[in-house]
Amino acid sequence: MSDPQDIRAALAMPNLVVLRTRGGIGTAGARNLGARDATSQWVTFLDQDDWWPSGFLAALCASVEDYDAVAYDNLLWRDADDGPVPIGETVFERAAWTEPVVDAATSARLLADFPMLKVLLKTAVFRATGGYRSIYGVEDFDLVWRLIASGVVVRTLGYPRGNYLLNRNSTTVHIARDGAAWKSAQRSWIRVWFGMARARALPYRVRVASLRNALFVALRLTAVDMRRRVRRAP
């Protein structure tokens, strides 16, 4: 669906502006483009595997209070032949996330297999942080730790909830099945974790854990490449 009129009709949102590019600019590029031209105080991002119930954004904005960024929860759905099926838990529940905020002191928990924070944040803060970088598959994680390193405290909300579909054709599934995609994702993790290790505003234990993770993944990638070269050797 590339025609702006078709997009407006499908989304049926008031004051919708559709931006077109001459070619693919990736997830980070598309989000940055939208945020660049945003005129509202707040910005968030809706992916193809997310959807929001009626009134969700209004309720979310009403819950912001004095924070610059809010991470909201999503109900998890499974992709099935006859349509999405509820899994019966949320992203926060699956990750056992209970802290009311994510700040420098609690940022170590972001290293514990939880790169999925969906955020509503002030447009000015998003721009000041530098927006999204071209990180394959982990753009949200990359943005959140940079927000925290810059001093932003992210409030976590259990309600209102959006919806997140575990799509059989998602990037996550593609990474698991495709060797080249898996390697691209691992290189992105290395870049993110090395960046965290260099961020002096983060706690020392977070920086050490980040460096350890980066080195572990780098060694794993090296081992995979060596095994493949051995198998190809005559």
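## Close-up views of a predicted model

**Figure 1. Helix α6 and its neighbours.** The buried residues of α6 pack against α2, β5 (101–102), β6 (118–122), α5, β7 (154–166) and α8 (179–198). The structure shown is a predicted model. The buried set of α6 consists of E139, D140, F141, D142, L143, V144, W145, R146, L147, I148 and A149. Buried here means under 20% relative accessible area. Because 11 of the 11 residues of α6 are buried, this helix is largely enclosed by the rest of the structure. Just after α6 comes G151, with a positive phi of about 105°.

**Figure 2. The buried face of helix α2.** Which residues of helix α2 are buried? Within this helix, which covers residues 26–36, they are A28, R31, L33 and A35. These buried residues pack against three elements: β1 (42–43), α5 (123–129) and α6 (139–149).

**Figure 3. The largest cavity.** Rolling a probe the size of a water molecule over the atoms shows where empty space is left. For this model the count is 1 cavity of 30 Å³ or more. The volume of the largest cavity is about 40 Å³. Which residues line the largest cavity? Its lining is made up of R31, T44, F45, Y72, K118, V119, Y132 and D140. By class, the lining holds 4 nonpolar, 1 polar and 3 charged residues.

Figure 4. Two elements, β2 (50–51) and α3 (56–62), each give two or more residues to the lining. Which element gives the most to the lining of the second largest pocket? That element is α3, with 3 residues. The lining divides into 7 nonpolar, 2 polar and 1 charged residues.

**Figure 5. V208 in helix α9.** V208 lies in helix α9, which runs over residues 204–232. Is V208 buried, exposed or partly exposed? Its relative accessibility is 32%, so V208 counts as partly exposed. The cut-offs behind this label are under 20% for buried and over 50% for exposed. V208 and R198 are 10 residues apart along the chain, and their C-alpha atoms are separated by 9.6 Å.

**Figure 6. The whole chain, for orientation.** The chain contains 9 helices and 7 strands. Its radius of gyration is 19 Å, close to the 17 Å given by the globule rule for 234 residues, so the chain is as compact as a globular protein of that length. The C-alpha trace spans about 60 × 40 × 40 Å along its principal axes. Of the 234 residues, 41% count as buried. Among contacts with a separation of 6 or more, 68% are between residues 24 or more positions apart. The accessible surface of the chain is about 13,400 Å², and carbon and sulfur atoms account for 54% of this surface.

Notes
Residues are numbered from 1 along each chain as its sequence is written. This is a predicted model: local features need pLDDT of at least 70, side-chain atom pairs count only at pLDDT 80 or more; totals for chains, interfaces and linings use all residues. Side-chain values use heavy atoms; hydrogens and water are left out. Helices (H or I, at least four residues) and strands (E, at least two) are DSSP runs, numbered from the N terminus. Ala, Val, Leu, Ile, Met, Phe, Trp, Tyr, Cys and Pro count as nonpolar, Asp, Glu, Lys and Arg as charged, and the others, Gly among them, as polar. Buried means under 20% relative accessible area, exposed over 50%, partly exposed in between (1.4 Å probe, protein chains only). The radius of gyration is taken over C-alpha atoms; the globule rule is 2.2 Å times the number of residues to the power 0.38. Contact means heavy atoms within 4.5 Å. Accessible areas come from the Shrake-Rupley method with a 1.4 Å probe; for residues, only the protein chains shown count as cover. On a 1 Å grid over the protein atoms alone, a cavity is a set of points where a 1.4 Å probe fits but cannot get out, and a pocket is an open set with protein on both sides within 12 Å along at least five of seven lines; lining residues have an atom within 4 Å of a point. Grid points are joined across faces, edges and corners, and a volume is the space filled by probe spheres set on the points.
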